[in-house]
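Try each one yourself before reading the solution.

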Amino acid sequence: MPHSRRTRQNWPLAGRLARSRVSLIRLGASLAGVLLLATLWSTPITGRDLSFPLQAGQSYPGAAQRLAAAGWRRVPAPAAAEGCLPDDRRCRDHPEAWGCSSTGQGFCRFLWVNAAGHYLAVITAGGDASSGDPGLVQQWFLTDPP
């Protein structure tokens, strides 16, 4: 008996919790709630959480039409977007182009937003700066606002 009293004196929280099962249940529920909120807060929304009318390999103009029909809006790049050269027709013809590579695979990044405020980046490859062809959709993902 004296030992348990010392334990309660040294561990006041443990002693109080040990006296009440309800307190333990509340503490467990609170901790579970905090852990759940922390998990949800730290888990980003992914493409699996939203429906996208896109397919890898489809033409970007077709993908853009499908996105617009699904309620997504183009996010125009600033007038002097750093990722676009002045003579790149892909950027001129598609205001939502936030950058296009003028070498290699000709990657471009296009930005869209939906009514809920989720931003979607669409990456294409195989485009041509001089003809304005943005290429084929390679991948898409949710991203931070610009």
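Predicted model: local features only at pLDDT ≥ 70, side-chain atom pairs only at ≥ 80, totals over all residues.

Residues are numbered from 1 along each chain as its sequence is written, and side-chain values use heavy atoms, with hydrogens and water left out.

**Exercise 1.** Classify the aromatic pair of Phe52 and Trp72.

Solution. Rings of Phe, Tyr and Trp (its six-membered ring) pair if their centres lie within 6.5 Å; planes under 30 degrees apart are stacked, over 60 edge-to-face, and the rest tilted. The structure holds two such pairs. For Phe52 and Trp72, the centres are 5.7 Å apart and the planes make 40 degrees, a tilted pair. Phe52 sits in the loop between helix H3 (21-42) and H4, and Trp72 in the loop between H4 and strand S1 (73-74), so the pair ties together parts 20 residues apart in sequence. Helices (H or I, at least four residues) and strands (E, at least two) are DSSP runs, numbered from the N terminus.

**Exercise 2.** How are the rings of Tyr60 and Phe110 arranged?

Solution. Their centres are 3.9 Å apart with planes at 15 degrees, so this pair is stacked. Tyr60 belongs to helix H4 and Phe110 to strand S3 (residues 108-113), so parts 50 residues apart in sequence are tied together.

**Exercise 3.** Is Pro61 buried, partly exposed or exposed?

Solution. Buried means under 20% relative accessible area, exposed over 50%, partly exposed in between (1.4 Å probe, protein chains only). Pro61, in helix H4 (residues 60-69), has 39%, so Pro61 is partly exposed.
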